[in-house]
Amino acid sequence: MMNQLNDLDYGTPAKQSEKSVTLEIDGVSVEVAAGTSVMRAAVEAGINVPKLCATDSLEPFGSCRLCLVEIDGKKGYPASCTTPCEPGMKVKTQTSKLADIRRGVMELYISDHPLDCLTCPTNGNCELQDMAGVTGLREVRYGYEGDNHLKMKKDESNPYFTYDPSKCIVCNRCVRACEETQGTFALTIDGRGFESRVSAGQMDSFMESECVSCGACVQACPTATLTEKTVIMMGQAEHSKITTCAYCGVGCSFKAEMKGNEVVRMVPHKDGKANHGHSCVKGRFAWGYATHKDRITKPMIRSKITDPWREVSWDEALTYAASEFRRIQAKHGKDSIGGITSSRCTNEETYLVQKLVRAAFGNNNVDTCARVCHSPTGYGLKQTLGESAGTQTFDSVMKSDVIMVIGANPVAAHPVFASQMKRRLRQGAKLIVVDPRTTEMVKSPHVQADFHLKLRPGTNVALITALAHVILSEGLQKEDFVAERCDQKSYADWKEFVLRPDNSPEMMADVTGVPAEQLRGAARLFAAAGNGAIYYGLGVTEHAQGSTMVIGIANLAMATGNVGREGVGVNPLRGQNNVQGSCDMGSFPHELPGYRHVSDSTVRGEFEQAWGVTLSPEPGLRIPNMFDAAMDGSFMGLYCEGEDIVQSDPNTQHVTAALSNMECIVVQDLFLNETAKYAHVFLPGSSFLEKDGTFTNAERRISRVRKVMPAKAGLSDWEVTVALAKALGYDMPYTHPSEIMDEIAALTPTFHGVSYAKLEQAGSLQWPCNDAAPDGTPIMHIKEFVRGKGKFINTQYFATDEKVTLKFPLILTTGRILSQYNVGAQTRRTENVEWHSEDRLEIHPHDAEDRGIKDDDWVGIESRAGQTVLRATVTERVQPGVVYTTFHFPESGANVITTDNSDWATNCPEYKVTAVQVMPVSQPSTWQKQFSRFTEQQLKLLQGQSGHAAETAVSK
Ligand code: SF4
Ligand code: SF4
Ligand code: SF4
Ligand code: FES
């Protein structure tokens, strides 16, 4: 019997067609979409045909011959998986002849298969075993003594799954999964006939091959050949719950398969609308951090950061935190404290933190980590289109004719969406990549960018305006669309501005470094190819002109008529799992939930009535302003939930100096992160497996997060905030996160139709979801823009203040890597470190040679803000004059060098442009030495030991 945890497998993918076909299978009349296979039609009619090489996530291959059927009027026994339905067909799936053939096929498979079912890890969840049962196999006439593969060596190189070739039936499902689902093409079948076996690359091990450990092959394998190590260790799961990945903004849906309260494996959910059953290494395998020994599960307090931590009860910790906050307010004023919400926490938790700040602290000093990533998206899209969010579904990319990817590397940061995008590219869509580096997006198996505009960091705005210049000067714009949908005056102004000779690609080539002809080619391709979609990431937003660039992207999309239908649109690729949600929930100091300004008295009145308090009409402090105010002594207390500002914010030394000045920092987190080392109260957080709630992904899709195990510290994050509010004398009487969502829905027009009951029914919902759109809104701005007429805004390019000089001649830019996630707090505590155990500095061979730097050498990187030391990787992925690093490891100090230059509109830091010098060195930087001393001391204090020498020198 199939394991009941498994979903029904239709054998071949669903077909979309307006035409339908009616046929008869085993006497049952079935109507299916034209192009549907006989196998799928049978399953839809409730008839299961035996199969091994077919599965509904992959195109049929027709190799196992187990699914043969008889069709009236057709000779022989066609394979039902590769035979499309025809009108009037009469199919038989069960005859004595078919049964004989199927038994014969199974006999051959089993004669070369170990008969160790009872001790096999997939016993009870193996399709080969099921098929032996279904076909009634009772004996194997060939015997088991012949040549077989029992002695073939297992490949256990991958930390998460094993490959046991003795169990392989060469069905090719893994190879096809790697090609069709993932798009990596890491696997092949080597050898012929009996000798043939699956191989990763040129007979490499999985770890040495191109494999990116997405797990698609493991998922597709019908036998125990490719099996998760956790399943081998723990056995098959007993029950499961659907939940949402807590890593990136793709928001993949997973089935958490459990044994008691322990996760056995995370299986990508077939019905997940963002991922359709696919996953990446992080969501699929890197969940072990949730039970890592570093988790802190007891509340702790201390009066000074040089004191040892003292474990206390929840009550004592919360009472202490509340009394400290009230003491600080009495001494320094109401506005002297604030809070930071987390884009990793749920919508409900984020909503509660901003409510606590506004209602219980009595000010608007709340901000979120979106400040340092996508705040310019919120600003730029609101100004031009009228809504601070992406316009499409991920599936929309399957209708795109040309895809422009700007300042994003989805292969590393949004891997499941990258696989979908690459599928579309393999079908023939064109690709334009705008990036200073040659990322995996530019060239990968069967995908090659038509244009790679390798611009200089910091010149995005010059480039986007030059693209518009070509389109307008060559008459490639969609005047009809603009006339009907956009504000005419703003369009006329913008047109005049863009057409100025200064904005031509020829004039801008010196600025951007992109040859004019290439830029012209890309502009023509984008404007003329039909459906043009723009996807962008932090390479757009994290600049001094981040908001201007977002506006430039929206201008381009409107001018080319690429908004308001499938296949087009403006699509910010959100970094963290709930960064969209944290912005929606009112995490910014000037906006209440739903992006409504705090100065709007009508909106404020609604919240005042619901919350029973008077709210401040004055915008509060942004994160960088909080640091400045801490330095001047006017901001003295902070509640920081699920965010590591010391590691993730720019100019680390400024941040730590500010934190060292504060009187009470309350950190709520899973681990003693870098910020917690400066804290006075530690409130243990809960992982996504330990709480109920919702996340909102980059498509505005709200999905349920479901509690699969009890909270390790006894309280889920939302309960901690409720308890802290109570300690502050403000009651938030919720008994379940669904009640928090009901309040959000009641107070936020774009969420009016959202409830847990509705999410249960629909699986997920894309906001706006209200009376006007009861089932949510997959594509935005269809008939008109949210703001009415789309508004063009001029995008004058200004060079950043961060200039290269003789002293700092290179530009440092930063980014992410596939196996690691953001500041690495989670992924560093998983086997993902096997792929990436340190941050490296990428440097071009010319720049390396000029400085006498070789691969693996230690190099010092110095900027106007500070110094750090990393090992070098000499590579042509970066252009001369540009160096690049990731920021996953705190000791790397990547943000010691980034400056506090920021976006003019939103203060989003200019992480992508820092002028630096790079030199060979032989020892860590002064900051790094202080960092290790400080960390060592803080770890001692964590163990309750005295911190006699616990200096805060690192912050000074
Ligand atoms: S490893 Fe699994 S999926 Fe791949 S060919 Fe062998 S049995 Fe089939
Ligand atoms: S884990 Fe993913 S990338 Fe690796 S071989 Fe399997 S399908 Fe390919
Ligand atoms: S693509 Fe993003 S959401 Fe999906 S599994 Fe990977 S990290 Fe999780
Ligand atoms: S399932 Fe159809 S040939 Fe294998």
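## Legends for the close-up views

**The residues around ligand 2.** Ligand 2 is surrounded by Phe-161, Cys-178, Leu-187, Phe-206, Cys-211, Val-212, Ser-213, Cys-214, Gly-215, Ala-216 and Cys-217. A residue is near a molecule or strand if one of its heavy atoms lies within 4 Å of it. By class, this shell around ligand 2 holds nine nonpolar residues, two polar residues and no charged residues. In this classification Ala, Val, Leu, Ile, Met, Phe, Trp, Tyr, Cys and Pro are nonpolar; Asp, Glu, Lys and Arg are charged; the others, Gly among them, are polar. This is a predicted model, in which local features need pLDDT of at least 70 and side-chain atom pairs count only at pLDDT 80 or more, while totals for chains, interfaces and linings use all residues. Residues are numbered from 1 along each chain as its sequence is written, chains are lettered from A and ligands numbered from 1 in the order in which they are written, and side-chain values use heavy atoms, with hydrogens and water left out.

**The residues around ligand 3.** The shell of ligand 3 consists of Cys-245, Tyr-247, Cys-248, Val-250, Gly-251, Cys-252, Phe-254, Cys-280, Lys-282, Gly-283, Pro-415 and Val-416. Helices α7 (281–285) and α12 (415–426) each supply at least two residues of this shell around ligand 3. Helices (H or I, at least four residues) and strands (E, at least two) are DSSP runs, numbered from the N terminus. Counted by class, the shell around ligand 3 has nine nonpolar, two polar and one charged residues.

**An open sheet of three strands.** The strand order in this open sheet is β9-β10-β11, and the pairing is antiparallel. Strands β9 (239–244) and β11 (262–268) are at the edges with a single partner strand each, so one side of each has no neighbour in the sheet. On average, neighbouring strands of this sheet are turned by 30° against each other, direction ignored. Axes are lines fitted to C-alpha atoms, for helices over the stretch in contact, and angles run from 0 to 180 degrees between N-to-C directions. Two strands pair if DSSP finds at least two bridges between them. Strand β10 (residues 253–259) and β11 run antiparallel and are joined by six bridges. Lys-259 has Glu-262 in β11 as its bridge partner.

**Two annotated spans.** UniProt, in an unreviewed entry, lists residues 238–294 as "domain: 4Fe-4S Mo/W bis-MGD-type". This span, residues 238–294, is 9% helix and 35% strand, and its end C-alpha atoms lie 28 Å apart. The UniProt annotation "domain: 4Fe-4S His(Cys)3-ligated-type", also from an unreviewed entry, covers residues 97–136. Over residues 97–136 the chain is 57% helix and 0% strand, with the end C-alpha atoms 13 Å apart. UniProt positions are given in the numbering used here, feature names are shortened, and annotations may be inferred rather than shown by experiment.

**A barrel of six strands.** Six strands close into a barrel in the order β31-β35-β32-β34-β33-β36, with mixed pairing. Neighbouring strands of this sheet are turned by 45° against each other on average, direction ignored. Strand β31 (residues 810–814) runs parallel to strand β35 (residues 882–885), and four bridges join them. Leu-812 has Val-883 in β35 as its bridge partner. Strands β33 (residues 858–862) and β34 (residues 867–874) run antiparallel and share five bridges. Val-859 is opposite Leu-870 in β34, and a hairpin of four residues connects β33 to β34. β33 also pairs in the antiparallel sense with strand β36 (residues 914–920), over four bridges. There, Gly-860 stands opposite Met-919 in β36.

**Helix α9 and two other helices.** Helix α9 (residues 347–361) and helix α26 (residues 737–747) have axes that come within 9 Å and cross at roughly 70°. The two helices α9 and α26 are therefore roughly perpendicular. Angles under 35 degrees count as roughly parallel, over 145 as roughly antiparallel, 65 to 115 as roughly perpendicular and the rest as oblique. The axes of α9 and helix α25 (residues 717–727) come within 9 Å and cross at roughly 15°, so α9 and α25 are roughly parallel to each other. The crossing of α9 with α26 is left-handed, and the crossing of α9 with α25 is left-handed. A crossing is left-handed if the near helix is turned anticlockwise from the far one by less than a right angle, and right-handed if clockwise.

**Backbone details in two loops.** Trp-767 and Pro-768 are joined by a cis peptide bond, with omega about -5°. Pro-768 is in the loop between β30 (764–766) and β31. Phe-185 is not a glycine, although its phi is positive at about 60°. Phe-185 lies in the loop between α4 (173–182) and β6 (187–190).
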